[in-house]
Amino acid sequence: MNGPNLLPKENFLIRQVVPDKPFPFEPFAMRTKFRFFEGYAGNGTVRAWRNFEGIYHNVFAALNGKFTGGLNYGRSYVFIPEGLLLRPRSPETQNGKPPQQGPSPSFSMPLRELPSSGMFQLTVEAARYDDGFQPNSHLWKAGVGFELDVNGGKGASLEIPAAGVYQLDVVLEGNPRDDVMTADIGQRTFSKRLKGKFAKGSESAGAGAGKSPLGIVIDDPAADKVGDWTDSVHGKPYLGKGYIHDGNTSKGAKFVTFNVKLPRTGNYQVNLAYTYGNNRSPAVPVEIHHADGVESAKVNQMKQPPIGGLFTPLGTFRFEKEKPAIVVISNKDTRGVVVVDGLQVIEEEAGKKPAAKKDGKEQKSKNTARLKKGEVIIPFLVARFAKGASPIKIGNGDGKNLRRIHVTPVSSESESGRQFAAFEKRAPTVSAHIGVRTDVGPRSTRVDQLLAVPSATVERYSFRAPISSFPSPETEEGNANYLAGLWEIAIRSEPSGDRQVPRLLLGAVEFEGPFYETWPPRGHRDIFFASERRKDPPAYAREVLERFGARAFRRPVTPKELESLVGVWQKSYARKQDFQESVRDALLVILTSPQFLFLVEESAGPQAEPLSAYELASKLSYFLWNTAPDETLLNEAAANTLHKSLDAQISRMIQDSQFQQFTREFTSQWLSLNNFDVVEIDRKRYPRLTRDTRIHLRQEPIQFLQYLLRKNLPLKNLVDSDFIVANDVVASYYDLSKKTESGFDFVAVSHQDKHLGGILTQASILAGLSDGRESNPIKRGAWLARKIIAEPPDDPPPNVPDLAEIDAKLSLRERLERHRNQKGCVKCHAGIDPWGIPFEQFDAGGRFKSNATVDAGSTLPDDTQIKDFKGLKAYLANDRIDQVAFSFMKHLASYGNGRSLSYNELVFLEEKGIELRRDGYRMQDMIRFIIKSDMFLKK
């Protein structure tokens with residue numbers, strides 16, 4: 001079975017627990033005896049009748065994922081006395097391809113029996129593990145900290161002199177013997193995956209024994225990256241984001257410049273990191289600008305780098321502190337692909353310091369700060385420790401090449417201290433999934449909730465949903481296959497971006513279904529409520545139908561309607577002599593009535609009339625909540641005070657959690673977010689636009705608009721804001737990981753980036769207005785004209801070639817010229833292309849292009865000239881803010897009324913809406929303006 005690894009029985013316990021309920025019930029006992037004809041022994045099929053006995057043949061326990069790369073920084077899972085430790089799952093494997101066996105790691109429970117209907121409750125007992133952060137560089141320094149002798153893998157005692165944060169760096173004789181390094185320290189366990197990573201902060205004799213790495217520059221934000229460089233498609237174990245250029249197909253000399261800031265003047269060895277292969281260029285030009293001039297080199301990227309298979313030495317050069325170390329890599333005169341993954345700068349060892357003396361005698365330092373020839377130092381762990389002694393055992397392969405552990409106190413002001421402080425504030429996020437177990441892996445659906453686990457103490461976290469929302473393993477009755485008809489429950493720790501988070505401690509998983517907190521259930525009690533007339537069936541039936549009908553019709557039931565419903569009940573009751581069943585028949589009449597299925601507005605004539613109080617309550621509720629009015633609105637309607645209290649009710653409804661239903665539906669319809677749902681993104685070109693990332697980017701415009709509305713901010717922020725609303729995943733996509741620690745919660749984040757801010761820069765919108773490979777200025781321009789300034793172009797005539805079908809060798813402007821010169825196209829394109837050209841600064845993945853040669857200047861339809869996209873945002877936010885406001889209110893009013901607006905209504909918005917300009921067109925004010933207008937209040 002290509003799926004999870006079943007756990008040994010000694011690692012888990014399965015129990016059938018009878019829940020404690022405040023009402024009597026008959027518990028369900030799962031089967032423990034089975035008889036199957038077809039089973040499996042290894043990969044072979046066994047066909048023979050066998051009897052099986054025990055709960056372990058009904059409920060299994062398994063784990064997916066050992067080492068999958070991605071966010072699994074060490075052992076994906078490990079058992080400890082308190083339970084199971086899970087690292088965050090990998091969103092996807094490298095190159096954007098989904099893992100064959102599903103996201104890992106996962107704790108899963110394949111099982112044979114689950115309820116077929118009703119709600120279920122899945123409860124997880126979990127905690128945030130007292131974990132450690134994995135640094136990228138060591139802190140080993142002469143005279144600082146102390147070292148432990150673990151020669152050959154022997155144990156030691158870690159004696160912490162004072163409670164605080166410490167970093168552990170491990171010295172090996174030669175390279176690691178295994179992909180993973182482990183450590184058991186007291187009652188805690190840690191591990192770190194080394195494959196493809198240990199070179200990031202380590203050094204070997206090949207890189208120069210006795211030298212300490214200053215650092216590695218990978219995608220340095222300060223580096224100038226000019227030319228047609230794109231993201232490297234290569235993932236782990238290769239370093240960095242990288243740049244790739246195909247010299248066979250692209251024109252012009254392209255290059256990337258690394259600017260490395262140095263702490264002091266001195267001699268530094270420069271090493272270049274890249275991926276090698278037969279299709280690489282044999283002679284890549286490199287220039288090193290240093291204190292004494294410029295040095296040139298040629299790098300053969302067809303050969304494996306000599307240093308750890310990742311770095312090739314460019315030489316040792318003198319650099320000055322005041323001037324950055326500049327390294328330029330270009331494709332000039334190359335033949336093949338050029339790949340640049342990063343740069344390593346290593347400072348030559350300073351002169352040896354004289355030994356300290358005490359009473360005239362030399363004292364040996366606890367930390368020699370020197371590596372012997374052939375030794376490697378691994379930056380392993382930053383963690384918080386209590387004062388006192390703890391046994392420590394380090395493992396890596398057979399352990400024979402283990403030598404020492406260097407322990408260094410970490411200052412809160414240091415980079416390691418700041419990273420650990422941020423790490424300590426993070427909480428793992430637990431998710432639950434239910435689906436079907438198949439021979440090729442699970443087919444599961446996530447329960448909607450994502451629950452943060454911030455407590456270090458084991459607590460209970462519950463998920464609830466109807467079982468009918470999930471796949472069901474339907475098989476024919478009596479199927480004799482041992483593996484047929486299996487459900488699967490999976491528990492995972494969810495990643496939020498690419499940052500390290502503490503592991504999830506999983507203690508127990510409990511499933512209950514059908515789940516009822518009380519009996520009869522709440523829905524039953526809401527219908528058959530307590531009443532003094534309960535013993536009088538006709539009177540009680542009338543009461544039940546009148547109350548239910550008022551809720552369903554969103555207004556009091558008329559006497560005629562009530563008599564009709566009571567008549568249905570009487571006929572059914574006379575036939576069945578079952579009170580509840582006969583009431584059910586009458587309720588079906590209510591739920592199939594037009595009064596329930598539609599928002600009915602009764603009018604005396606064709607002229608415009610004010611909405612009744614109940615009609616207004618329904619219209620207001622379906623506008624701002626997408627659901628029926630609550631008790632507060634109905635009470636206001638009953639008292640005929642709703643018209644007077646509109647302001648208070650609007651404020652209450654906007655702050656209510658149900659307002660999310662409005663922002664989700666309105667934003668999706670208004671901005672056409674379905675484009676992003678259906679576009680097929682080229683994963684090789686845009687590997688960062690993974691399935692998980694797309695889910696969160698899809699929420700960004702919705703959360704952004706909700707924030708603007710709830711804060712009642714000026715409309716200007718809609719097109720140009722100094723903040724974005726993002727969670728950790730979205731912030732990471734925009735390279736703002738250091739700006740937020742909100743996990744999956746969307747919060748306002750100051751971006752300080754002239755290319756971000758407002759809905760026009762949001763990736764879900766921009767990527768949705770592309771073909772998944774190239775940006776499309778026509779789609780983007782037409783979208784802006786329709787959605788943002790309400791100047792929609794006409795539909796294109798038939799048989800006009802798409803922009804992508806025109807000669808790709810031509811420039812964008814030349815292709816646009818040919819495209820719009822088709823018969824009947826010029827007029828429309830005059831109102832589209834000027835808006836779309838500035839968007840060319842963003843690629844098909846919705847990110848700003850670093851290529852400075854993009855010509856994004858445009859002459860807008862009113863002859864205003866702008867230089868780039870920034871100029872377009874400023875123009876819309878200032879010169880055309882009235883039209884942006886009109887467009888927003890037009891779409892808002894159409895959504896709120898459920899129809900297109902009439903000519904007179906559009907004129908009203910244009911002429912009266914401008915009165916909101918004096919306060920900056922505040923977002924809530926525009927909603928109030930629409931609701932208080934005749935187009936909303938009259939029918």
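R522 is exposed, with a relative accessible area of 62% (exposed means over 50%, buried under 20%, and partly exposed in between, using a 1.4 Å probe and protein chains only). This is a predicted model, where local features need pLDDT of at least 70, side-chain atom pairs count only at pLDDT 80 or more, and totals for chains, interfaces and linings use all residues. Residues are numbered from 1 along each chain as its sequence is written, and side-chain values use heavy atoms, leaving out hydrogens and water.

**The R522 pair**
- D526 is partly exposed, at 29% relative accessible area.

**Other salt bridges**
- In total, the structure holds 42 salt bridges.
- One of them joins R880 and E791, at 2.7 Å from N to O.
- R880 lies in the loop between helix 20 (869-878) and helix 21 (881-897), and E791 in the loop between helix 16 (777-787) and helix 17 (812-820), so this pair ties together parts 89 residues apart in sequence.
- R880 is buried at 16% relative accessible area, while E791 is partly exposed at 35%.
- D149 pairs with K154, their closest N and O atoms being 3.0 Å apart.
- A network of salt bridges links R426, R499, D728 and E741.

Technical notes:
A salt bridge is a side-chain nitrogen of Lys or Arg within 4 Å of a carboxyl oxygen of Asp or Glu. Helices (H or I, at least four residues) and strands (E, at least two) are DSSP runs, numbered from the N terminus.
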